[in-house]
Amino acid sequence: MAGEFPAGFIWGCATASYQIEGAAFEDGKGESIWDRFSHTPGKVRNGDTGDVACDHYHRYLDDVRLMQDLGLKGYRFSVAWPRVLPRGYGQINRAGLDFYNRLVDALLEAEIEPFATLYHWDLPQALQDRGGWPNRDTAKAFGEYAALMFDELGDRLTNWITLNEPYVVADIGHRQGIHAPGHQSVEECLAAAHHLHVASGLAVQAFRESGRPGQIGITCNLAPIHPASDREEDLAAADRFDQWLNRWWLDPIYRGHYPQDLLGLLENRMPEIEPGDLELAHQPLDFFGLNYYFRQIVSHEPGEWLDTKVEFGPGPKTAFGWEVYPEGYYEIMTRLAREYDVKNLYLTENGCAYADRISEDGEVHDPERIAYLEQHLAQVARALEAGVPVRGYFLWSLMDNFEWAMGYSMRFGIVYTDYETLRRIPKDSAKWYAQVIERNGLP
Ligand code: FCB
């Protein structure tokens, strides 16, 4: 199957600022919540921090060359908000802005289309000190920061993503407490979620007002939610969890309201929804960004969050324990086209962690990753054939990097990062991906 992808299809890789940049305290950068969190004992595996990470801040030119060698058509990176605005608003840090200016210029020079995510989780700590995302003011600050970025880079950079995975920010950061800022409060989680909707909307509005050319969208992590059995209560539990993980984002964005049933259950814990908030969330987007990693199996479990128990499926697992379930990719893509009428879809993240190592021959052989990518890209081809308007695919990730609470223990790169020397070694999967790009489709 598969064959060729559409002409102009963007084959890319994705990264995020805190995961690769390093230079965490250099050139006037402000502290982020991930700096604070990773330096708090017990929060990140092995006590790892992003202080140095892949040192991309200093090695970005080499990294762009690496991307060029792979033949990448696009590169999705994120801007570290506190690098640009150390306190989150107000005083601008020119040195920080210059870094992104130089990066964008280098990418354009290499004929790689830049896609910038404005928020990939590294909130300025100064804003966290004022309440972070549960405080509505953070949304306003985000809108202003976004406007600044359109102003500064928007003459050359034309692909913008407001937020990366707001579900993870709200739920894993504020309810589960596994990610920064590490809070465990349903009320804070719901307030964060709502203000993230408002923030994204303010950024979209600022983009339209800027008059800059290009396109803007949002990236969400979505997952097929399958009931553990066809018992009535498992079906209902799966539906509740679908409303939480998927529809809590999709419905406000595409329909202008939260999913009614779940809203009914959570109503007395919700933050204030001001007039106009849902209209902000519901503005037309130029594209939707989908991150896909796995499906979830849900059963009824009284006493747990939403009375649900959420598990991975029975299939093969990656090093992270995530089930490999390529069919779910097709399921989600077709759902977006069918139920939400998504007109332009970018696959902004997909990939896998395996326990890669340098072999005796000095190479990194990662056949499982190649198999994973092949299977997932076959589902992309299938979705294209079914008429889903997929415009590009950004593999997570260009290189091994700081995997949040798991530190450096999870290697997602198609390029191996030797953390001792910071040398980059393209894995077999990188060579394979270069061939896919070259032929614009699967072998
Ligand atoms: C996603 C994140 C990305 C990376 C991958 C593995 O949830 O957006 O930064 O950590 O997972």
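In these legends, Ala, Val, Leu, Ile, Met, Phe, Trp, Tyr, Cys and Pro count as nonpolar, Asp, Glu, Lys and Arg as charged, and the others, Gly among them, as polar. The model is a predicted one, where local features need pLDDT of at least 70, side-chain atom pairs count only at pLDDT 80 or more, and totals for chains, interfaces and linings use all residues. Numbering runs from 1 along each chain as its sequence is written, and side-chain values use heavy atoms, with hydrogens and water left out.

**View 1. The shell around the ligand.** Here we've got Gln19, His120, Trp121, Asn164, Glu165, Tyr293, Glu349, Trp396, Glu403, Trp404 and Phe412, each with a heavy atom within 4 Å of the ligand. That shell splits into five nonpolar, three polar and three charged residues.

View 2. A polar contact means a pair of N or O atoms within 3.5 Å. Glu165 puts a polar side-chain atom 2.6 Å from a ligand oxygen; for Asn164 the distance is 2.9 Å, and for Glu349 it's 3.0 Å. On its own the ligand exposes 290 Å², and the protein buries 95% of that (Shrake-Rupley areas, 1.4 Å probe).

**View 3. The largest pocket.** The ligand sits in this one, meaning more than half of its atoms lie within 2 Å of the pocket's grid points. A pocket is an open set of points on a 1 Å grid over the protein atoms alone, where a 1.4 Å probe fits, with protein on both sides within 12 Å along at least five of seven lines; lining residues have an atom within 4 Å of a point. The lining divides into 21 nonpolar, nine polar and seven charged residues.

Terms used. Polar contact = N/O pair within 3.5 Å; in protein donor to acceptor, adjacent residues only side chain to side chain.
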